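I opened a new notebook page for this structure. These are my entries, in the order I looked things up.

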Amino acid sequence: MTEPSDSKTVWTIRDVLTWTTNYLKRKGCETPRLDAELLLAHNLGIERIRLYLDFDRPLSDGERLGFRDLVRRRALREPVALIIGKKEFWSLDIVVTPGVLIPRPETEILVQVVLEDCQGLLNLAILEVGCGSGAPLIAVSSVRPDIQLFACDISINSLNCASANASNHGFAAQIFFFASDLLESVRAEHMFDVIYSNPPYIPSNNIDSLAPEIRDFEFRKALDGGLDGLDLIRRLIPTSRDRLKPGGRLILEIGEEQFDSVKKLLETNGFSMVRVFKDLSGKNRVVKAVT
């Protein structure tokens with residue numbers, strides 16, 4: 001990355017954002033302006049809104065040097081969330097670390113369905129399977145701090161990250177974390193009103209064709225759902241059936257073309273009232289079923 005510094009003696013926030021946006025656009029980044037703003041705000045240690053309030057503030061050589069390093073990483077398609085160590089989800093800052101799936105906007109649909117399902121109900125037992133960074137958990141807790149949540153993951157790294165996020169947002173006492181490969185560590189006597197999950201559901205052969213940010217930097221195990229993307233879902237559905245109370249709900253994030261297959265798996269395993277919910281792009285994203 002070579003900033004044309006010789007042609008300009010003073011670089012303001014406005015100048016740097018304009019130049020960086022054009023540079024990242026040429027490098028193939030889908031949201032170059034947003035990326036530039038997030039990186040610069042992080043580098044300066046300020047809220048993003050301050051960039052607009054201080055548009056004409058000159059940057060020091062040291063500030064520009066630190067920013068160049070961040071932009072260089074982004075130009076190599078490293079995700080912004082990994083560069084700055086956090087990702088906004090449900091209007092909350094969620095800490096992310098290497099080896100933990102970066103929260104996606106479409107997963108907010110999963111949170112919405114869970115919250116709608118729990119509306120007006122008290123004393124619920126809710127389990128998230130595969131908690132990752134803890135983003136959905138923290139979102140649910142922010143709306144329903146009265147609910148005791150349980151969360152498991154096979155990855156200790158993910159559990160540590162999720163636990164840290166719970167503490168950062170003041171929900172450590174509300175969420176019980178434990179290590180488990182899906183539901184293998186859940187005792188038979190422990191029954192839940194709701195089990196929800198965003199499991200790996202991308203077909204193995206599709207991963208190499210994904211954007212570099214995902215293909216080269218995301219935790220592959222959190223993406224890879226096997227040959228047709230349904231390996232973990234096939235395991236999760238029957239075991240969830242055995243851990244749900246009568247009338248309990250299973251809520252899953254799925255791939256846009258997987259609803260018919262998942263619906264069949266659910267009905268074969270004794271679930272009924274299967275519904276699908278679409279994301280903001282109109283794609284099938286979340287499925288809910290009742291025991």
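Entry 1: I am working from a predicted model. I began with tryptophan 90, which is partly exposed at a relative accessible area of 21%. That value is not under 20%, so tryptophan 90 does not count as buried. I found tryptophan 90 in the loop between β1 (86–89) and β2. Its phi is near 60°, a positive value in a residue other than glycine.

**Entry 2: another positive phi.** I then turned to methionine 273, whose phi is near 50°. This too is a positive value in a residue other than glycine. Methionine 273 sits in strand β8 (residues 272–278). Is methionine 273 buried or exposed? I noted a relative accessible area of 61%, so methionine 273 is exposed.

**Entry 3: salt bridges.** Side chains of opposite charge can pair when their charged atoms come close. How many salt bridges does the structure hold? I noted 26. I looked up several of them.

I took glutamate 37 and arginine 48 to start. Their closest N and O atoms are 2.7 Å apart. Glutamate 37 is buried, at 2% relative accessibility. Arginine 48 is partly exposed, at 39%.

Next I checked aspartate 146, which forms a salt bridge with arginine 144. The closest N and O atoms there are 2.7 Å apart. Aspartate 146 is partly exposed, with a relative accessible area of 47%. Arginine 144 is buried, with 13%.

Aspartate 93 and lysine 86 also meet in a salt bridge, at 3.7 Å from N to O. Here aspartate 93 is partly exposed at 39% relative accessibility. Lysine 86 is partly exposed as well, at 36%.

I also wrote down a network of salt bridges that links Asp35, Arg74, Arg77 and Glu213.

**Entry 4: nonpolar cores.** The largest nonpolar core has 32 residues. Which of them touch the most other members? I listed Ile126, Leu137, Ile175, Phe177, Tyr196 and Ile251. At least two residues each come from β2 (92–95), α6 (108–118), α7 (135–143), β4 (148–153), α8 (156–168), β5 (175–179) and β6 (192–197). Helix α6 gives the most, with seven residues.

Setting aside neighbours within four places in sequence, I found tyrosine 196 in contact with Leu110, Val114, Ile126, Leu127, Glu128, Val129, Pro136, Leu137, Val140 and Ile251.

**Entry 5: a helix pair.** Two packed helices are described by the angle between their axes and the distance between the axes. I looked up α6 and α7. They pack at an angle of about 40°, with their axes 10 Å apart. The two helices are therefore oblique to each other. The crossing of α6 past α7 is right-handed. Which residues make the contact? From α6 I noted Val111, Val114 and Leu115. From α7 I noted Pro136, Ala139, Val140 and Val143. Val114, Pro136 and Val140 were already in my list of contacts for tyrosine 196.

Definitions and conventions. Residues numbered from 1 in each chain as written. Predicted model: local features only at pLDDT ≥ 70, side-chain atom pairs only at ≥ 80, totals over all residues. Heavy atoms only, no water. Salt bridge = Lys/Arg side-chain N within 4 Å of Asp/Glu carboxyl O. Buried < 20%, exposed > 50% of the residue type's maximum accessible area, 1.4 Å probe, protein only. Core = buried A, V, L, I, M, F, W, Y, C linked by side-chain atoms within 4.5 Å. Helix = DSSP H or I, 4+ residues; strand = E, 2+ residues; numbered from the N terminus. Contact = heavy atoms within 4.5 Å. Axes fitted to C-alpha atoms, helices over the stretch in contact; angles between N-to-C directions. Parallel < 35°, antiparallel > 145°, perpendicular 65-115°, else oblique. Left-handed = near helix turned anticlockwise from the far one by under 90°.
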